[in-house]
Amino acid sequence: MLTAQGFSKAFEYWQLFLQGVACTVSLSALTVIFGFILALFLAVCRMGKMKVLKALATAYVELFRATPMVVQIFIIFYVVFDGVKVLPGFKLFGFIRFERFFPAVVALSLNSGAYLSEIIRSGIQSIDGGQTEAARSLGLNAWKTMRFVVLPQAIKNILPAIANEFVTIIKESAICYTIGVQDIMSAVNAVKGATYRMGEALIIATALYFCLTYPTSKIIAHFERKMSVGDKR
Amino acid sequence: MTNDKLIQVKDLKKYYNKGKIKALDGVTVDINKGDVMVIIGPSGSGKSTFLRSLNLLEVPTSGSIIFEGVDITQKKGPDGKKLDIDLHRQKMGMVFQHFNLFPHKTILENMTLAPIRVKKVPEEEAKAKALELLNRVGLADRADAYPIQLSGGQKQRVAIVRALAMEPDVMLFDEPTSALDPEMVGEVLDVMKELAHAGMTMAVVTHEMGFAREVGNRVLFMADGKLLEEGSPEQIFGSPQNPRLQDFLSKVL
Ligand SMILES: Nc1ncnc2c1ncn2[C@@H]1O[C@H](COP(=O)(O)OP(=O)(O)O)[C@@H](O)[C@H]1O
Ligand SMILES: [Mg+2]
C-alpha cells in the first residue's frame, strides 16, 4: 500500500535521490560519449577492408548483443576489475564511489557501443555511393568524405534510432546499483533498508527516470527537425 | 613525353568476377591538352569504367595511367613516397549522370566544401569564386538553395561548376544529360560547350551525337571493353570503318 506518510518518509531521503539523479545522469552521459566513440570505431572496422579487424569487430558486436547486460556488468566489475581491489577508492563530487562507478561506465559503454555501431553502420550504408564518389572525385580523402559528406547525412537518418538508444542507456543504467553504484535505484534500496517500505520510493524513482528520458527524446526530436532542413522544398 | 599529353592511358584492363567480366580489355589512348574527347558505344561497353578509372574511382586490374607525368596507378609517387591520389583527383573534375550533389549542403556550400577543406582556400575567397562560377551558369540567385529545390538541369549545372571550383586541368563527364528531362538537356550541353570553347580539356561519355559532332575534336568508339575506332567526328560519323560502329550508328542516328 502506498500512503502519504510513506511518501513523506521517503522524501526525507531527498538528498539520496538527488545524488542518485546526478549519478545516473553522469553515468549515462559518459556512456553515451564513450559508447559513441567505440561505436564509430567498430562501425569503421566492420565496413573496412581489413579482414581481421572486420571479423573481430563483428564477433564483438554479436557477443555483446547476445548476452545479458547483468552478466556483462558482473564480469567487468568482479572479474576484470576484481571487485573494488584494482581501482583507487575515491569519491567523485564527494559521493560517487569511483571504484564502482568506473566499471559501470566501462560495462555500459562496451554494451551500448555494440548496439550503436550497428545503428551507425546501417546509417552509413544507407547513403548513396554516389555521394562518396563525388566527394572523392573532388579530392576529399576518405576521412574528410566521411566527416563532411557521409556522416552528417547518416546521422540525420539514424537520429531517431540513436535517441532511442540514449533513452535505453538511461534506463539500463539502473542495473548498476547491483554493483554498488549510487544511482537512483540505489537510493530506492537505501530507503527500503531504512524504512522497510519500497513502494513510495519506487514511484519517486519512476518519476525521476521519466523526467530524464522524456526530455532527452524531446530534445533530440528538436535537433532532428532542425537538421532536416535540406529536405524541405 | 611531350608537353601537350595530359593523360596517357596504356593497355588499361579492368576485370570483375576474377576475370569473367572484362569491363576494360586493354585500352590505350592519349588525351591531349585542349582535347574534347567524346566516347560513344553501346551500354555495357566499358565507357563508365574507362572514365572512372582515369581518376581511380575504379582501380584498374592492370595497365597504367600517366597523368601530368605521374603514373597514378603506382603505389609510390615519383618522389618515392606513397602516391597521394587525392592530390591528383583535385586536378580532375568529374560530373556524374545523377549529379551527386550533397543534399545536406546549400549550393554554395556544395561548391566551397572541397576548396576550403582540401585546398585550404580562405572561406571568403572560396565563396566569391563560387558565386562568380554560379553567375557564369546563370544560377547566382540559387546560391543559398538546397539541391532538392533545383531542377535536374540546374543541379547538373551546379555539379559542373562545383567541379570547376577546384580549378581542374581536365573534366570527366559520364553521361551528364542522360538523367535529364529532354527540355533540360540543352542548358547543360550549352555549359559544356562554353567550357570547351574556353579551352578546357574534356572527356565526355554521351549519347548526344549532336554534341559529339559539333563540340568534340575526337570521337572514340568502345565495345566489349575495347577501343574499336577513333577519329575526328567527320571520320567517325561520315565514314565509319568498323562494322560494330556502323551498326551502332545506324541505331542511334
Ligand atoms: N562493380 C562491378 N561489378 C561487376 N561488373 C561490373 C561492375 N561495374 C561494371 N561492370 C560490368 O562492366 C561492364 C562495363 O560497364 P560500364 O563501364 O558501366 O559500361 P557503360 O558505361 O559503357 O555502359 C558491364 O558489363 C558491366 O556489367
Ligand atoms: Mg555508363
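This is a predicted model: local features need pLDDT of at least 70, side-chain atom pairs count only at pLDDT 80 or more; totals for chains, interfaces and linings use all residues.
Local features need pLDDT of at least 70 and side-chain atom pairs count only at pLDDT 80 or more, while totals for chains, interfaces and linings use all residues. Residues are numbered from 1 along each chain as its sequence is written, chains are lettered from A in the order in which they are written, and side-chain values use heavy atoms, with hydrogens and water left out.

**View 1. Chain A has nine helices and two strands.** Helices (H or I, at least four residues) and strands (E, at least two) are DSSP runs, numbered from the N terminus. Along the sequence the order is α-α-α-α-β-β-α-α-α-α-α. The C-alpha trace of chain A spans about 70 × 45 × 30 Å along its principal axes.

**View 2. Chain A meets chain B through 22 residues of chain A and 26 residues of chain B.** Contact here means heavy atoms within 4.5 Å. The size of an interface is often given as the accessible area lost when the parts come together.

**View 3. Seven residue pairs are in polar contact between chain A and chain B, both residues at pLDDT 80 or more.** A polar contact is a pair of N or O atoms within 3.5 Å; within protein, one must be able to donate a hydrogen and the other to accept it, and residues adjacent in sequence count only if both atoms are side-chain atoms. Helices α6 (129-137) and α7 (142-172) of chain A each supply at least two residues of the side that touches chain B. The largest share of that side, seven residues, comes from α6(A). By class, the side of chain A that touches chain B has eight nonpolar, seven polar and seven charged residues. Ala, Val, Leu, Ile, Met, Phe, Trp, Tyr, Cys and Pro count as nonpolar, Asp, Glu, Lys and Arg as charged, and the others, Gly among them, as polar.

**View 4. Two salt bridges cross the interface of chain A and chain B.** A salt bridge is a side-chain nitrogen of Lys or Arg within 4 Å of a carboxyl oxygen of Asp or Glu. E133(A) pairs with R52(B), the closest N and O atoms being 2.8 Å apart. R136(A) forms a salt bridge with D86(B), with the closest N and O atoms 3.2 Å apart. R136(A) lies in helix α6 of chain A and D86(B) in helix α2 (residues 85-89) of chain B, so the pair joins two chains. Over all chains, the count is 21 salt bridges.

**View 5. Q182(A) sits in the loop between α7 and α8 (184-195) of chain A.** Leaving out residues up to four places away in sequence, Q182(A) touches Q19(A), G20(A), C23(A), F95(A), I96(A) and R97(A). Q182(A) and C23(A) are 159 residues apart in sequence, yet 6.5 Å apart in space, C-alpha to C-alpha. A polar atom of the Q182(A) side chain lies 2.7 Å from the backbone oxygen of F95(A). The backbone nitrogen of R97(A) lies 3.1 Å from a polar atom of that side chain.

**View 6. F81(A), F90(A), F98(A) and F102(A) form one aromatic cluster.** Rings of Phe, Tyr and Trp (its six-membered ring) pair if their centres lie within 6.5 Å. The whole structure holds ten aromatic pairs over all chains.

Terms used
Rings of Phe, Tyr and Trp (its six-membered ring) pair if their centres lie within 6.5 Å; planes under 30 degrees apart count as stacked, over 60 as edge-to-face and the rest as tilted.
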